[in-house]
Amino acid sequence: MKIGHLIRAERVRQDMKQVVLAKGICTPSYLSKIERNQIEPSEDIAKLLLERLGMDPEKFQESDEETEIEFEKMLLETYREVITERDLNFTREKLEYLEQNVPLFENDSLHYTYSLITFRFNMIVRIDSEKLKQEIELLEEFIDDFNVYQLYLFHLNKGLFCYNTGNVKMAIHYYELILHKLESLPLGEWEEAEFNFIIAVFYMADGHTFNSIDHARRALNFFREQLMMSRVLDCYILIGISYKRSDKFQDALEAYSKAMQISEEFNLHSEKGIIYHNLGTLNSAMGNTHQAIEYYKKSIDHKIDPSEKLITILSLIEDYSKTGEKDLVRDWAEKGITLYHQLDDENQISYFHHFSFYQSLHSEHGLSVEIAEAAIQHFKEIKDFRFIHKYCIALAEWYYNNRKYKLASSLYRDGIRYGYIYSKKEKWEDL
Amino acid sequence: MKKMVSILLLALVLGLTVQNSTASANNSDQMPKVLKTFSYTIEK
């Protein structure tokens with residue numbers, strides 16, 4: 001039986017070491033050869049290994065070509081359904097079904113497609129990025145054996161993985177590899193639209209406004225034709241952000257109004273939170289601080305997922321800080337910190353630093369240098385130049401106002417240096 | 001002291017220039033999610 005790749009995938013999924021799996025059954029080096037399909041194990045050994053992994057050996061009947069063709073058809077159809085549906089429970093259900101009904105692949109290529117598709121589903125249902133990292137590394141080992149479609153799936157997954165771990169530039173790198181070959185790839189229209197949507201988000205996250213709007217419009221055309229209204233709504237939000245960042249405020253307002261209209265007409269009320277948030281940042285950019293604050297409050301009221309409230313609480317604090325409402329800054333910073341602790345999600349630690357900074361800045365005793373330095377250090381670690389710049393300048397202002405000119409000058413310098421990097425400038429001559 | 005004051009003035013001017021050039025991007029817009037369950041910490 002050629003079950004090496006299955007055993008390996010399941011062992012890695014369970015985070016089990018080769019020594020542990022092999023103990024009392026075979027030597028670890030023998031297991032290693034089995035996993036690489038260099039050796040075909042005896043039925044007894046295969047049975048014991050599968051049992052230790054909690055898999056039912058009976059299920060792993062030799063599959064014929066026809067079963068594999070049927071499975072492949074079902075797999076690709078499930079992939080389309082899951083990606084277009086975008087429903088967490090539906091994804092979970094389908095993933096479970098695939099994992100329970102996976103045949104014993106005689107065909108390595110089908111196994112690769114299966115692994116790449118289930119990896120994508122796992123990214124949707126799982127939060128454990130360490131495990132996902134191991135899995136993507138495992139997939140990378142087979143990259144030379146992938147066909148064109150599998151390579152596309154791999155780059156698609158790798159890009160998404162990079163984006164979700166904060167590496168936007170690397171995410172764009174992988175998506176541009178796909179982009180250059182897009183026309184020759186055997187993709188369905190839905191897949192192309194999905195790709196255009198995701199690359200539009202990546203481009204926006206890295207400040208490439210024009211590229212983003214171009215791809216968002218391409219995705220929008222397909223989603224509108226297919227009446228996939230929640231996706232149309234997402235595209236309008238993206239287009240609104242693009243216009244806002246190009247200072248075309250009226251166009252941004254129109255895009256958000258369209259998104260709001262769709263949420264009303266198609267009962268997509270859960271999307272109102274994100275629309276109100278962006279109406280808030282738009283008004284803030286237009287100088288309408290009070291209007292912005294009203295939108296942020298509406299956004300917080302409409303958001304169902306508590307983790308989504310963090311970004312809005314931060315924006316609210318920023319605008320209260322601008323208008324000098326110290327009490328409200330402190331209240332909201334406190335609420336934000338409490339929510340951060342309730343969520344208990346390390347991925348959101350940046351918010352803890354934002355909230356702590358503002359809370360301290362507007363406290364009775366004034367900014368704590370320790371808190372400010374911890375925030376700056378954190379953003380240095382994650383290479384978020386925008387916030388290193390921001391908090392260096394804020395700390396410098398604090399020193400300056402307290403007549404600590406030497407410290408102030410050094411931090412202004414740091415702040416400016418990171419500001420250059422953020423705005424992609426090398427030297428002052430470039431300003 | 002004179003040197004220090006001029007450094008500070010230069011720093012202030014440069015600081016303001018950098019801030020102005022990115023003024024419209026300074027709020028955190030909330031991007032649509034690419035996956036349903038988790039997203040990049042701060043989506044700028």
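Q: Why is A:Ser410 called partly exposed?
A: In this predicted model, the relative accessible area of A:Ser410 is 41%. Buried needs under 20% and exposed needs over 50%, so A:Ser410, at 41%, is partly exposed.

Q: Where does A:Ser410 sit in chain A, and how far is A:Ser410 from A:Leu53 in sequence and in space?
A: A:Ser410 belongs to helix H22 of chain A, which covers residues 405-422. Between A:Ser410 and A:Leu53 there are 357 residues in sequence and 58 Å in space, taken from C-alpha to C-alpha.

Q: Why does A:Asp15 count as exposed?
A: The cut-off for exposed is over 50%, and A:Asp15 has 52% relative accessibility, so A:Asp15 counts as exposed. This residue is placed in the loop between H1 and H2 of chain A.

Q: Is A:Arg86 buried or exposed, and why?
A: The relative accessibility of A:Arg86 is 15%. Buried means under 20%, so A:Arg86 counts as buried. A:Arg86 lies in the loop between helix H5 (65-85) and helix H6 (88-100) of chain A, and phi of A:Arg86 is near 50 degrees, again a positive value in a residue other than glycine.

Q: What accessibility values do A:Cys162 and A:Cys392 have, and why do they get their label?
A: A:Cys162 has 7% relative accessibility, while A:Cys392 has a relative accessible area of 1%. Each value is under 20%, so A:Cys162 and A:Cys392 are buried.

Q: How many disulfides does the structure hold?
A: Over all chains there are 0 disulfides. A disulfide would need a pair of cysteine sulfur atoms within 2.5 Å.

Q: What are the domains of chain A, and how far apart are the C-alpha centres of domain 2 and domain 3?
A: Chain A is divided into domain 1 (4-59), domain 2 (68-177) and domain 3 (367-431). The C-alpha centres of domain 2 and domain 3 of chain A are 40 Å apart.

Definitions and conventions. Residues numbered from 1 in each chain as written. Chains lettered and ligands numbered in written order. Predicted model: local features only at pLDDT ≥ 70, side-chain atom pairs only at ≥ 80, totals over all residues. Heavy atoms only, no water. Domains from an automatic or database assignment. Helix = DSSP H or I, 4+ residues; strand = E, 2+ residues; numbered from the N terminus. Buried < 20%, exposed > 50% of the residue type's maximum accessible area, 1.4 Å probe, protein only.
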